[in-house]
Amino acid sequence: HYQDQIVAKLEEELKAKGYDYSDRVKNDKIISLIKERLVLLNDVWLQSSYFFEAPTSYDAAVIKKRWKPEVPVALNEIATLLQNAEDFSSAILQDLIKDFIGAKQLNPAEIFNCVRLCLVGGSFGAHIFDIAEMIGKEETVARIQKAVNSITV
């Protein structure tokens, strides 16, 4: 079964990098989120590393295109919204941020791309709210705050 092969590869990568690889349910869910992005089995870490490691750098092209002066302010407000969210499920988070973007009359593509940048370091990866749900509230908020404090234009 292809899913099992991919999960086994992820678990092998996690073990080699010193991460806990024993949560089969979590690993299975991560593979479900990324498997359509895999070209080769060896791409599994490339496509899933952000579930385990916060970005250490941010894609300069995305910053140049999307990181406008209003973005850090909006991201700080989003971090607060997320911190106060009772339900941290993907669908709820998506609605929360969409409502915020609409109320503030912000550019959705700009904000969603910048949230993605904060979470993964670039313009790649699974659905951003699935990522947020998987890494959890504290890690999501921490990654947004770190990016806001790190990125200068």
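Predicted model: local features only at pLDDT ≥ 70, side-chain atom pairs only at ≥ 80, totals over all residues.
Leaving aside its neighbours within four places in sequence, which residues is Glu13 in contact with?

Residues are numbered from 1 along each chain as its sequence is written, and side-chain values use heavy atoms, with hydrogens and water left out.

Okay, the overall fold. The protein chain has nine helices and zero strands, going by DSSP runs numbered from the N terminus, with H or I for at least four residues making a helix and E for at least two making a strand. The radius of gyration is 16 Å, close to the 15 Å that the globule rule gives for 153 residues, so the chain is as compact as a globular protein of that length. For the record, that radius is taken over C-alpha atoms, and the rule is 2.2 Å times the number of residues to the power 0.38. The C-alpha trace spans about 45 × 35 × 25 Å along its principal axes.

Now the inside. Of the 153 residues, 46% count as buried, meaning under 20% relative accessible area with a 1.4 Å probe and protein chains only; exposed is over 50%, and partly exposed is in between. The largest nonpolar core has 50 residues, and Phe51, Trp67, Leu75, Ile78 and Ile144 have the most contacts inside it. Helix α7, residues 108-120, gives the largest share of this core, seven residues. A core here is a set of buried Ala, Val, Leu, Ile, Met, Phe, Trp, Tyr and Cys residues joined through side-chain atoms within 4.5 Å.

Take Ile144: beyond its neighbours within four places in sequence, its contacts include Leu75, Ile78 and Cys118. Contact just means heavy atoms within 4.5 Å.

Back to Glu13, then. Glu13 sits in helix α1, residues 2-16, and is buried, with a relative accessible area of 15%. With neighbours within four places in sequence left aside, the residues in contact with Glu13 are Val44 and Trp45.

Most residues other than glycine have a negative phi. Gln105, though not a glycine, has a positive phi of about 55°. Where is Gln105 placed? In the loop between α6 (90-104) and α7, and Gln105 is exposed, at 73% relative accessible area.
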